[in-house]
Amino acid sequence: MAKFVRRVFVLFLIAVALLVLLPAERVPPTGQWLARAGLTPLTVRVGRLDIRYVRKGQGPTLILIHGLASSIYTWSDVIEPLSRSFDVIALDLPGFGASSQPADLSFEDLAGAVPGLMDALGVPRAHLVGNSLGGAMSLLLAARQPQRVDHVVVLDSAGFRMKPSERPFMIRFLGSRSAGFIGDRIPIRRVLTTATLRHLIHDDTRVTTERIDEYIAPLLRPGALVSARALLLSPLDERFVSDLGTIEAKTLVVWGRFDPWLPQEDADRFVAAIRGARKVIVETGHMPQEERPAEIARLVGEFLLS
């Protein structure tokens, strides 16, 4: 705890210096990738929330679910190849991207987002692919509503280290009061976002200006940090780990060898907990779909069609 407090204090001092040195942050232009991919974002009402999504392709429905502080953009390079064989839907989870950002966001809101979207779009059953937090949401749906889930692919999935004390430092900081004070007043979101992406992505060449802009823009929306903090402070479903053993869907666990947040040990724990699950290790960091999109699209396609 003392170490965490020292880190926050150091960040606070840095932030104060940046307040003097840096100009106010402006939302960068984004969305060029959507035009390149021929995608038009749509919005649907799910309960009290508006959910943004994109859809492309024909065939069995495949839903792509991003991780914490991410968005549809994380799938930008895999939607096109996957859409050749599947009806691909990628959504912004509540609190992120361009979806609603309620001040009282909870994990229950996230858990209801995918089945709610499926209901709204008339999709009775789908394959699920999720990265990080999106992996946990995919597995939760497979456990709770097995009739709605066909195959599941998780990429560096969260689930075993969800308690506040077990989370990576940057996530703990995001959920702290210090983050609210600093982030709402001092222009450091681009600095922190860039540093985090360089930490999570093993191949530095993939950390482009466009990628940084696409990650930073949603975080600069009014209320974004309030919503994210509310989510991180909301109670977790403690049944998640025990429910893994009830999953009937065929499951593939993909893990980046160089993931700095979640160790390969967690991949083995998922494989041990989910009947019939198998593991594939790829040469990436925490977000394989952003570093090796062609490889991930191939792995996903082959597994879902097997």
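Residues are numbered from 1 along each chain as its sequence is written. Local features in this predicted model need pLDDT of at least 70, side-chain atom pairs count only at pLDDT 80 or more, totals for chains, interfaces and linings use all residues, and side-chain values use heavy atoms, with hydrogens and water left out.

Student: How many helices and strands does the chain have?
Tutor: Helices (H or I, at least four residues) and strands (E, at least two) are DSSP runs, numbered from the N terminus. On that basis, the chain has 14 helices and eight strands.

Student: What percentage of the residues of the chain count as buried?
Tutor: A residue is buried under 20% relative accessible area, exposed over 50% and partly exposed in between, with a 1.4 Å probe and protein chains only. The chain has 306 residues, and the share that counts as buried is 57%.

Student: In what order do the strands of the open sheet stand?
Tutor: Two strands pair if DSSP finds at least two bridges between them. The open sheet has eight strands with mixed pairing, in the order β1-β2-β4-β3-β5-β6-β7-β8.

Student: Which strands stand at the edges?
Tutor: An edge strand here has a single partner strand, so one side of it is left without a neighbour in the sheet. The strands in this position are β1 (42-46) and β8 (278-282).

Student: What is the average twist from one strand to the next?
Tutor: Axes are lines fitted to C-alpha atoms, for helices over the stretch in contact, and angles run from 0 to 180 degrees between N-to-C directions. From one strand to the next, the twist averages 25°.

Student: Over how many bridges do β7 and β8 pair?
Tutor: Strand β7 covers residues 251-256. Within this pairing, V253 stands opposite K279 in β8, and G256 stands opposite V282 in β8. The two strands pair in the parallel sense, and the number of bridges is five.

Student: At about what angle to β7 does helix α12 run?
Tutor: Helix α12 (residues 264-273) packs on the sheet and touches β7 and β8, where contact means heavy atoms within 4.5 Å. The direction of α12 makes an angle with that of β7 of about 175°.

Student: Which residues cover the two faces of β7?
Tutor: In a regular strand the side chains alternate between the two faces of the sheet. Six of the six residues of β7 are buried, so the strand is largely enclosed by the rest of the structure. The buried residues are T251, V253 and W255 on one side, and on the other L252, V254 and G256.

Student: In β6, which residue is the bridge partner of G130?
Tutor: The strands β5 and β6 pair in the parallel sense over five bridges. β6 is mostly covered, with six of its seven residues buried. The bridge partner of G130 in β6 is V154.

Student: Which helices do the buried residues of α9 pack against?
Tutor: Helix α9 is mostly covered, since nine of its eleven residues are buried. Among them are Y215, P218 and L219. The buried residues of α9 pack against α2, α8 (189-200), α10 (224-233) and α13 (288-291).

Student: Which element supplies the largest share of the lining of the second largest pocket?
Tutor: On a 1 Å grid over the protein atoms alone, a pocket is an open set of points with protein on both sides within 12 Å along at least five of seven lines, while a cavity is a set where a 1.4 Å probe fits but cannot get out; lining residues have an atom within 4 Å of a point. The second largest pocket is lined by 15 residues, of which T30, R52, G97, E214 and P218 lie nearest its centre. Both α2 (32-37) and α9 (209-219) supply at least two residues of this lining. The largest share, three residues, comes from α9.

Student: What is the volume of the second largest cavity?
Tutor: Grid points are joined across faces, edges and corners, and a volume is the space filled by probe spheres set on the points. A search of the whole structure finds three cavities of 30 Å³ or more. The second largest cavity is lined by residues including F96, Y215 and L219, and its volume is about 40 Å³.
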